Amino acid sequence: MTSASLRFVAVALMLGATALLLQARSGNEVSPPREPLTSLPDHFGPWVGQDLPIDQQTRDILGAGEFLQRNFVNSAQPQPWIDLFIAYFPSQKAGDTVHSPNHCLQGEGWVPIQREVVQLSRPDGSLFPANRFVTSKGGDRELVIYWYQAHDRVVASEYWAKYYLIADSIRMNRSDGAMVRLITPMYHKESPDAAQARLLTLGSQLVPLLNGYIPR
């Protein structure tokens, strides 16, 4: 078997095991209090956000969760917008689990041309991992940064997110979790580092607030 086939089989087995375990553990699942995503601030410094509607077809694909898509523009100076998307699932026991943005972007015609895991800084100086993709479509490029977050833990790997989903279901009787994604268009010949620096002018202000919406 090819490595891609082995990876597919491994993911399928992991998802199957996850679904069976969560169903077995679904009796008295813990659901901590949290703020609704819609109450997330829509101003971060000069960045002003406007919510974008998510159509029912997309919601049906995503599953039973709470979703926020908000487009931010800089009110102080012209520069590319920043798109924020958060998908939060209070429970993943019924098979509604956090999806990888990679699949959605490719379904919309955006092809990853560069991908890596980067370390992002919190205001306290601690670091956390995130996926960084440069995607291309018709000559345009976008920088995509996303990560998985649950129970005060952040991971970049989809596989580790599934592992912790199982572990926390056993240890804490919780299956809630989220994915946070930020996108910004890239200037012609702009480097990923430069686009990331612009994106984090908003993202660095957002990160400290997330535990209120994605409970520890």
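**Exercise 1. Identify the residues with the most contacts inside the largest nonpolar core, and the elements that supply this core.**

Solution. The largest nonpolar core has 31 residues, and those with the most contacts inside it are Leu84, Trp147, Leu182, Leu202 and Leu206. Next, take the elements: β3, β4, β5 (111–121), β6, β7, β9 (177–185) and α5 (192–206) each supply at least two residues of this core. The structure is a predicted model. A second, separate core of 16 residues includes Leu105, Trp110, Tyr146 and Tyr148.

**Exercise 2. List the contacts of Leu182, leaving aside its neighbours within four places in sequence.**

Solution. Start with the residues numbered below Leu182: it is in contact with Ile82, Asp83, Leu84, Leu143, Val144, Ile145 and Trp147, among others.

**Exercise 3. Classify the aromatic pairs Phe67–Phe85 and Phe128–Trp147, and locate their members in the chain.**

Solution. A pair of aromatic rings is described by the distance of the centres and the angle of the planes. A search of the whole structure finds nine aromatic pairs. In one of them, Phe67 and Phe85 lie 6.5 Å centre to centre with 5° between the planes. Planes under 30 degrees apart count as stacked, so the pair of Phe67 and Phe85 is stacked. This pair links distant parts of the chain, with Phe67 in strand β3 (residues 66–74) and Phe85 in strand β4 (residues 82–89), 18 residues apart. Both Phe67 and Phe85 are buried.

Phe128 and Trp147 have 5.2 Å centre to centre and 70° between the planes, and form an edge-to-face pair. They too link distant parts of the chain: Phe128 is in strand β6 (residues 127–137) and Trp147 in strand β7 (residues 140–150), 19 residues apart. Phe128 is buried, because its relative accessible area is 2%. Trp147 is likewise buried, at 1%.

Phe67, Phe85 and Phe89 form one aromatic cluster. The charged end of Arg153 sits over the ring of Tyr164, 4.0 Å from its centre.

**Exercise 4. Summarise the protein chain as a whole.**

Solution. First, count the elements: the protein chain has five helices and nine strands. Read along the sequence, their order is α-β-β-α-β-β-α-β-β-β-β-α-β-α. Second, take burial and surface. Buried residues make up 42% of the 216 residues, and the accessible surface comes to about 11100 Å², of which 57% belongs to carbon and sulfur atoms. Third, take the contacts between residues at least 6 apart in sequence: 66% of them join residues at least 24 apart.

Conventions. Residues are numbered from 1 along each chain as its sequence is written. This is a predicted model: local features need pLDDT of at least 70, side-chain atom pairs count only at pLDDT 80 or more; totals for chains, interfaces and linings use all residues. Side-chain values use heavy atoms; hydrogens and water are left out. Rings of Phe, Tyr and Trp (its six-membered ring) pair if their centres lie within 6.5 Å; planes under 30 degrees apart count as stacked, over 60 as edge-to-face and the rest as tilted. Helices (H or I, at least four residues) and strands (E, at least two) are DSSP runs, numbered from the N terminus. Buried means under 20% relative accessible area, exposed over 50%, partly exposed in between (1.4 Å probe, protein chains only). A charge sits over a ring if NZ of Lys or CZ of Arg is within 6 Å of the ring centre and within 35 degrees of the ring normal. A nonpolar core is a set of buried Ala, Val, Leu, Ile, Met, Phe, Trp, Tyr and Cys residues joined through side-chain atoms within 4.5 Å. Contact means heavy atoms within 4.5 Å. Accessible areas come from the Shrake-Rupley method with a 1.4 Å probe; for residues, only the protein chains shown count as cover.
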